[in-house]
Structures are given as structure tokens and as C-alpha cells.
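Hi,

Here is the structure I promised to pass on. Please have a look when you get a moment, and then read on for my notes.

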Amino acid sequence: MTAAPIIARQGPLDVFVPWARRNAWTLGLVGFLAGLLVYTKLIQASYDASSLQGLAIGVLPLALAAVAQAVVVLSGGIDLSIGSMMALTSVVCATMMKGQSEQFGIGVVVIVLVLGLTLGLINGALVVFTKVPDIVVTLAMSFVWAGCALLVRAAPGGGASDWLKNLVLGSVVSDWVPKSAIVLVVVVAVVWIPISRSMLGLSIYAIGSNRLAAFRCGVPVGQTKISAYVLTGLFSALAGLSLTASTGIGTPVPGPYTLMSVAAVVLGGVSLAGGRGGLFGPIVAVVVLQMIRTDMTFLSIDSNYAYVAQGLILVGVVMVGSFAQMRRSRA
Amino acid sequence: MSAAVFSNRWLSPSAWRNLFRDWPLLPLMGLLLVLVIVIQLADPGIVTLPWAGVIMRASVPLAILGGCQTLTMLTGGIDLSVASIASMTGFVTATFVHSPGGWVQGMAIALVAAALAGFVTGIGVGIFRVHPLIMTLAMSFVVLGFANVWQLQMVQTGAGVPGELRWVGSNTLFDVIPYSLLVFVPLTLLILLGLRRTGFGRLLFAIGDNPIAARLSGARSWQVLIALYVLSAVLAGIAGLVISGFTNTASVSLADPYLLPSVAAAVIGGTSIMGGRGGFSGTIVGALILTVLTALLTVLGLPEPTRQIVFGSIIVVVAAAYTRVTSES
């Protein structure tokens, strides 16, 4: 009976409404971000293109870390070693690039990306073959990768090729389009869009939403899980590269990226249980978090309250989300 | 014939597996013993009674924080706010040293604040069904933020760790028995008996093992969870007091290095992060193992990076071996 309307002509609204409903969370976030930007301009008239570029450079490492976390969370896992992997890839990059030619720098980037893939492969293989919960394995591996980072370089230092630094600095086309934002979008799109359209992407969502069902449908669960961790390693390496690119050095001590990436993933509408969400939401969430910090600075609120605000926003948003879900499941 | 059966039973791997499954503490104690023997071989004469006292003293705060993780992990949760709550409690207590009320008043205020933080966490986890990972992570930001604000308020008055806390955290009886056991032993008895003998303890296991079954059998899981997270926060606060006495410092990030090891102690101790399986006695041994391991790596003269790598690798290996040995089927 309800099959008939499928053949009936579909207006643009028929396509748009279900799409909007599916992506309500992300759309809400984008709307909120737009509101925040307008508000920022209102309270700080001098907020201009260069501030926007600063914002984009500032969020780039965390945005890539959030993407890395999102991939593995979609597959039903969690990776607590992202911050350490970023530190390791960043110091390897900075150490190898220091004082070398620009061409050599390209080779270094390739090496670092391969390194990221390898780190992810080791994490994933350990999770799959030892059957120890993801959170425990990656927690322990975070010590290992942080130790390796300290072995590579005991103190912050090193250098970065000029082209790498220029890749994230400044803007393209118009002053209002920061280069680093373009880099972020391009990198994520190039890696994720082909995968999400492929068998692998579908399998990642499948094992995340119901592992047993996916297994019985013939999805190679272990292999898919490892692939998800490999992708996380790759994005962590990209985040590490962006750290080196934006600071010009490598720092062996992991930043606050691991836990912040978990927070951003949840704010971005990805379910920690796996299988639900996308990569765009977490990126927007990272920008929103950064904007809130900026605004609090402009309002000259004690920067320590920024922590409080971050925590409260995280709790508030998640509570609203789960509350809405509870009402939906009851209705 | 009976001899053959006997030897078969004791030599076959499945027999060992059964033994370890029934007595999960045995392999852990064995590992602890092996580590002690190795450290004695690496540095002959190091293992003495005072050394044991030093190890115990260093393990106490880790074991209490591991207890927070154990209790929350039994229900399928985790508590990432223990470090910031512990630091906050130690710090706030220290800021009251020169105030008219004295440090006891400060301690009372700090523990009430910790309990309040735990209460809010419990409401989020129990009533609003927020994932414990996220809820406690967010709470750690909130607590850290408020502790920082408090620090700025208190910057003129100055702070110091009260002598009584230093005594509890650092001193030992006859150079062997640390006074922190005065805090730790009652807490341990409370947790162990609470988990085994009380309805609350059984409810923790029930909720972690099968939340739906627990709800259908009439358990009010939201009440249990609120009580659990308040308890966890207060335990973390007590651990924070011990840590500040142990290190004779008070800062808003004092306990941060304990966060990940506390999870590791519970995991090595055999508590399943999925909930419903585990106990506090394993966590205590886990904390001792981690402390002895750290001491061993220091004795071996390994540089800090290598120590971290070995530390992480051993957690993975122990967790993997433990899962293999005690797994069903």
C-alpha cells in the first residue's frame, strides 16, 4: 500500500525533508555555529578575515583528531591513543624535515602517513586478536606511542618544510576562505568519500550498529575493525602533520587531543555505541567549541570558566540528545 | 591408573584454566611474585621490609582510585573524573590551612564538593542515560575549571599541605607499615564487604551484567547509579587527600598522572570494562603490580620513554593473557 508513492513524482521537498530529518543534529550544529559567528561579529566588531584564518589554523589538528576518532567510534570502538599517535607522527615529521630540502619534505610526509597507517594497523590487530576491549588496548598503547615519541625527540624542536607551513597559512581565492579550512575539507573528502561509498564504509557502519548481525550477513568483522583503526591511524598522522605545519616544530608530549576528540565526536552526533553519525558533525563541533572559547575571551570572562563551559555544554547537549531520543522511543 | 589421571588433571592446560577461572587472583599474585623476584635479581638486597612499606605507600592512592574504576566498571561504566576530583579535594583542603576554620573545615568542604560532583554525574548517567565516559569526562572539565577559579581566588592566602595529611600520606610505623593503611584498610573492608554482602553491591553486578534484566527484576538502576557515582567521587576525594600528603604538594593537576594507571589497575585486576565481572581484591593486586613494575623499570635504569613503552606493552600482554585464561569456552 505504501509502496505506490515511491513511483509517484518526487518534488524537491520530498527529498529535502527526509534528508534534513536524518541530518537534523548536524544541521542544528551548523545553525548554532552560524549564530555564534554572527554573535562574535556583534560583540567584537574587529573580528575579520584574518581572525577567521586564525580560527581555522587553530582548529585544524583537533578537527582531524575528531575525524580520526569518529571513524573508529562509527565501527563500535574507541581509540584513546590518538593524542599519542599525533605526538609521535608530529615529532617524526619535524625531526626528519629539519634542515632538509623541500623535495625531501614530500617524502617525509609520505613516510609519516605510512607510519600512521602502521600505528593504526598495530592498534587494530591488537584489539581484534587479543579480544581485549578497545578502550583498554588503546589506553595501554597510548603509553607505548607516547614513549616512542619521547625516544624520537626528548624535547620540543625540529623543523618543517616551508611548503608544509604555507599549506595551512593564509587564504585562497578570497580573504574569507582560509587555506587550512580547504585543506581540512579536501583531505577528509579525498580519504573518506571513496571509502564511505564502498563496501568498506558500509561494513564499518554495519559492525558498529550490530556486530553479530553484520557477521551473519558475511561482513568480515575483524578485517573491517582493523581497517577502521588503520583509517584512524591515518587521520591521526594527518593531525600530527597539521600540528607540525601550524607550529613549525614537533612536541613529544601528547596534547589534550584524545579526550577532546571523544567530546567532539559525541557533540557531533556520533553515537558512542557505534554505527550512527558522520564525519561532518564532529568537525563542526570542534569549530563550535573553539568559537565558544574565543567568544569568552572577547567577553573577557575568566578563561578558567571556559573549561566549565566546555563541560557544561558537553553534558547539556548530550542530555538534550538522549532526552529527545527517549521521548522518540516512547512515542 | 589414578596417578595417571591425577597427573593428567594437573598438567593439562584446561585444568590450569579451570583453576585460574575459579581463583582469578592466583595468576595475579604469581605475576606480582615474579616481578618481586626479578627486581631482587636485578638489584640484590633491594627487597626488604622497608622497601615493601614504600611500595605499599605508593600503591595506596592508586588502589583507591582503581577502586573507583572497579565500582563504576562493574556497572559497565568508567569514571574519568577521578583525577580532577582528587586534585581538587587535595588542593581545596590545602588552601584552608591558614584560614580560621583550619584544614578540617577545608577537607569537609572539599569532600562535599566532590560528592556534589559525583551526584551530578550520577544524575546524568542514571536519569539522562548519558554515556559514563562522556559524563565523567565533562565533569572532569567542570571540576578542573572550578578548581582553577578557586586557585585564582586563593592566590593571596597561600596554601600548604596540612601536617596531619603529610603524616598519613608519607610516614610509616617502624619504617614498614605506612599510616595511609589507616585510611586504606577501612575503605577496603567497606568496599569488599559492600560488594559481597550488601544488596547495593549485588545490584552493581546485576546492572552491569544485564541492565534490562536488572530493571525487569525491580532494580531502580538510577538510584543505584547516583549512589555509585557519589561514592566514587568521595573515594577519589579521599585518594586526593592521601596523594597530597604523600607528595607534600597541592595543585589542581596533582592527580592527573594517576588517571590512566587507575583504569589499568582495575583492568589488570580482572574487572571487565563491559560490566558485571570483577572485584576490588584484584584491583589492589593490580595496583601493587603496577607500582612494583614502575619500581623495577626504575631499578633497571631504563630511561623514561622506554619505561612508558614497557609499561604500556605489559598492560596489553597481561590483559590479553588474562582474557585468554579466564574466558569462557
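First, the conventions. This is a predicted model, in which local features need pLDDT of at least 70 and side-chain atom pairs count only at pLDDT 80 or more, while totals for chains, interfaces and linings use all residues. Residues are numbered from 1 along each chain as its sequence is written, chains are lettered from A and ligands numbered from 1 in the order in which they are written, and side-chain values use heavy atoms, with hydrogens and water left out.

**Helix packing in chain B**

Two packed helices are described by the angle between their axes and the distance between the axes. Helices here are DSSP runs (H or I, at least four residues), numbered from the N terminus. In chain B, helix 13 (residues 259-268) and helix 14 (residues 280-299) have axes that come within 7 Å and cross at roughly 120°. Axes are lines fitted to C-alpha atoms over the stretch in contact, and angles run from 0 to 180 degrees between N-to-C directions. Helix 13 of chain B and helix 14 of chain B are therefore oblique to each other (under 35 degrees counts as roughly parallel, over 145 as roughly antiparallel, 65 to 115 as roughly perpendicular, and the rest as oblique).

With contact meaning heavy atoms within 4.5 Å, helix 13 of chain B brings B:Pro261, B:Ala264, B:Ala265, B:Ala266 and B:Ile268 against B:Thr283, B:Gly286, B:Ala287, B:Ile289 and B:Leu290 of helix 14 of chain B. The residues of this contact divide into 8 nonpolar, 2 polar and no charged (Ala, Val, Leu, Ile, Met, Phe, Trp, Tyr, Cys and Pro count as nonpolar, Asp, Glu, Lys and Arg as charged, and the others, Gly among them, as polar).

**Cysteines**

How many disulfides are there over all chains? The count comes to 0, taking a disulfide as a pair of cysteine sulfur atoms within 2.5 Å. For A:Cys148, the closest cysteine sulfur is in A:Cys93, 17 Å away and too far for a bond. A:Cys148 is partly exposed at 21% relative accessibility, and B:Cys68 is buried at 0% (buried is under 20% relative accessible area, exposed over 50%, partly exposed in between, with a 1.4 Å probe and protein chains only).

**Two residues of chain A**

A:Ser180 sits in helix 9 (residues 179-196) of chain A and is buried at 1% relative accessibility. Leaving aside neighbours within four places in sequence, A:Ser180 has contacts including A:Gln53 and A:Val168.

A:Asp134 belongs to helix 7 (residues 134-152) of chain A and is buried too, with a relative accessible area of 12%.

Best wishes
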